[in-house]
Amino acid sequence: KLIRAGANEAEILAAMQDEGATEDQLNYLEFRLGLVHATGGSPARLQFGLGVLAEWLAAMKAAELFGADAQAWRRFLELVSLKSAKPGKIKNFVAALRDCCLRREEELAVPDFVEIELGKLTGLNPESLELARDQRRIARLTRELSHLDSSRRQTAVKALAALGLRAAQAIPALIALLEKPGEPLEIRGAIVLALAEIGADDCALIPRLIQLVEDRQTGLQAF
């Protein structure tokens, strides 16, 4: 119905009640993604824009097709860059593809550079894109610190350490893991080294690290 004749907001919410649809989600579809638009009348009726919908379906397929293949993404981005001389003809598709990549980043293992390059093609500020990417990555790695697999936790610790001062928001989670009873010594040692990198400017953190390292019960003297 939404495709053929449209429907007002109350009708849509009622029809999608079982799926938990909200007014905010409808606003997102209309104002952020441009997938639906008001056709006039009182109350206003919403209808899918078929052209925009086609772009989104194509973007979803492209994201699934390229997935974690960095080489395929680079070839695609090179091709898109050549076509971007006429941005109006491709900008909406690129924006849709970027949004698909962001929403399914972990599921599809999309390489980090993809979202940045797609954002540049849509005219977004590169510095803001890189900052937002780092924030998402830090949040994802912080969640990994709670993973049941110890190798995943250790990998996350080392990745946060590589981010240095930018990963300061992960310090509380790292300290909590460091103080967790039974945590393997190699992970605790990696956390100490990570905190030294991440919290180098945190004057309150240094005494706490020294205390933990000097505590014989922690077994961290070697670090």
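Mentor: Let's start with Ser128, which sits in helix H8 (helices are DSSP runs of H or I, at least four residues, numbered from the N terminus). This is a predicted model, where local features need pLDDT of at least 70 and side-chain atom pairs 80 or more, while totals for chains, interfaces and linings use all residues. Residues count from 1 along each chain as its sequence is written, and side-chain values use heavy atoms, leaving out hydrogens and water.

Ser128 is partly exposed, at 46% relative accessible area (buried is under 20%, exposed over 50%, partly exposed in between, with a 1.4 Å probe and protein chains only). Its C-alpha is 9.4 Å from that of Ile116, 12 residues away along the chain.

The axes of H10 and H11 come within 9 Å and cross at roughly 155° (lines fitted to C-alpha atoms over the stretch in contact, angles from 0 to 180 degrees between N-to-C directions). That makes the pair roughly antiparallel, a label for angles over 145 degrees. In H10, Ile171, Leu174, Ile175, Leu177 and Leu178 meet Ile187, Arg188, Ile191, Val192, Leu195 and Ile198 of H11, contact being heavy atoms within 4.5 Å.

Terms used:
Helices (H or I, at least four residues) and strands (E, at least two) are DSSP runs, numbered from the N terminus. Angles under 35 degrees count as roughly parallel, over 145 as roughly antiparallel, 65 to 115 as roughly perpendicular and the rest as oblique.
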